[in-house]
Amino acid sequence: MRISVLVAAIGLGAIAFVSSCRITGPGPRADLAGELGTANHRDAVMSSRFCSGCHPAIFAEHQQNTHGRAFFDEEARMATRGFRREDCIRCHTPRPVFETGIGMTPMQRWTNLEEGNTCMSCHGRAGYDYSRFVGGAECRGAFEPEVASVNHCATCHRIAGTPNQWSHAAHGKQAGNECVDCHMPLIRRPVAVGQPPRAVRSHLFPASSNESQVRRAYDYDARVEGNEVVVRITNSGVGHNFPTANRQRGVESLIIVRDRDGTEIARSRLVCRYPYASELTPHQLTAPRGSQIPSGKSSEHRVPITVADGTVECRLYFKLYRPSPDTDPHLSRCLESRRLPFTDVTPSTAAVVAEQEVFHAGGATTLEDFFDPRGFANTPHGPPSSAPVEIPAGDDAHELDVLAGMLEAHLPEVRARATARLVERFPASAPALVQALGRWSNESFNGAIKAFRSIGARAVPTLREALGSDQLYIRCHARELLSGLFLADDREAV
């Protein structure tokens, strides 16, 4: 209720703001001349409300979409325990991407949190003086030209694995499709007040919360074949896995077999998902297998029929937050419901499997692609294997780099052992750890910070040298470590 009131208040504020702007076309805003060149003006430009005067339709869409509502999104808050999960807030209230660079996890913003991702989070351009920006014709050169490229989107979405899925997808990169083709379709309208209509990108960003968008993603077939129920789910329209994201979402097929009197005989559920880290065995070193459906692939849910006559109920659920019950009105959606009668079936003697998954092999990712800020791999790993992950000894620079890459591993035990090995191999591991401080992902630089804290005062010379790095995150994290950890050991270092 409070969220609805706040959104309504923001909307009324936007209307008042638009009404107060003395704009008769796409020219510069005359009401802002008094503060040009000041920090106040620059800060005003950073707010999405600044853009609403010239772009009211886009601003209205932004307020409704998942980017504009990123701070209040119920799904995100449940998955991150109210943003208490480390660093998730970085991509839900980000400072402009240009500050850290395309491909780098952005910094957290501490103002205008209700705006979620602001216009400038994505559109801001490096090196531009926004303290004097007034809009109008100036907009043509004031914003990031690479906005909405796959690399640009990967800045925040890479951590969930979606860009990497796209890079191998039959309906994604292989078909020449990019993120905006599905999530920012072209529509015809004025891009700004007073301009003629033309083809511009929608800013509604239809995705998992949009039912019509989800229904474009798949084909569903349910039938009785002999003495089996067979449900086939095909990822027929998505340029990434179905579902995507690496933790919370799920697609679930439910099959219930009833006899001629309506008594339930069997119930089986097929789950398509990425496995939760919390579901892994403590100290596990074997990588879990995912059952998300890759682009162009299918998963089959088969259930034996053990009676001669009856009915089968088949349902397909899409879960925004997978632990949610089927009946959750906000986080679960029933996409398909079929009722199939059957008669004169030769009863099967096979056992019914209550919980099923169909696993799909993902491709290997290289260390180089993972290290590259413009790469797509969200973690480095070899081809699927049931063998335990091997932790290198760290005897040379390549093995130390592999260990640094393992700071991103989805297996907690792999991360712990890699960290311990990097600490053990210091100072030989110093270059790999310093580079990890500046890596694109918060999981990696947080792991490097943890390693340096374990190393202790011996790392002071390395961190002092790192203060001169040309990489922003290396400087920031080295300074954080020096000021927060080593003050008692070497005050001069601070």
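## Exercises: cysteines, a histidine and a helix

The sulfur of Cys88 lies 8.7 Å from the closest cysteine sulfur, that of Cys91, which is too far for a bond. Keep in mind that this is a predicted model: local features need pLDDT of at least 70, side-chain atom pairs count only at pLDDT 80 or more, and totals for chains, interfaces and linings use all residues. Residues are numbered from 1 along each chain as its sequence is written, and side-chain values use heavy atoms, with hydrogens and water left out.

**Exercise 1.** Find how many disulfides the structure holds.

*Solution.*
- Start with the idea: a disulfide is a covalent bond between the sulfur atoms of two cysteines. Here the cut-off is a pair of cysteine sulfur atoms within 2.5 Å.
- Now try Cys139: its closest cysteine sulfur, in Cys54, is 6.5 Å away, too far for a bond.
- The total for the structure is zero disulfides.

**Exercise 2.** Decide whether Cys88 is buried or exposed.

*Solution.*
- Recall the classes: buried is under 20% relative accessible area, exposed is over 50%, and partly exposed is in between (1.4 Å probe, protein chains only).
- Cys88 has 17% relative accessibility, so Cys88 counts as buried.
- Compare Cys139, which counts as partly exposed at 23%.

**Exercise 3.** Locate His92 and list what it touches.

*Solution.*
- His92 sits in the loop between helix H5 (74-79) and helix H6 (119-123); helices are DSSP runs (H or I, at least four residues), numbered from the N terminus.
- Leaving aside neighbours within four places in sequence, the contacts of His92 (heavy atoms within 4.5 Å) are Ala70, Phe71, Ala76, Phe83, Gly116 and Asn117.
- The His92 side chain also reaches the backbone oxygen of Ala70 at 2.9 Å.

Note on methods:
Helix = DSSP H or I, 4+ residues; strand = E, 2+ residues; numbered from the N terminus. Polar contact = N/O pair within 3.5 Å; in protein donor to acceptor, adjacent residues only side chain to side chain.
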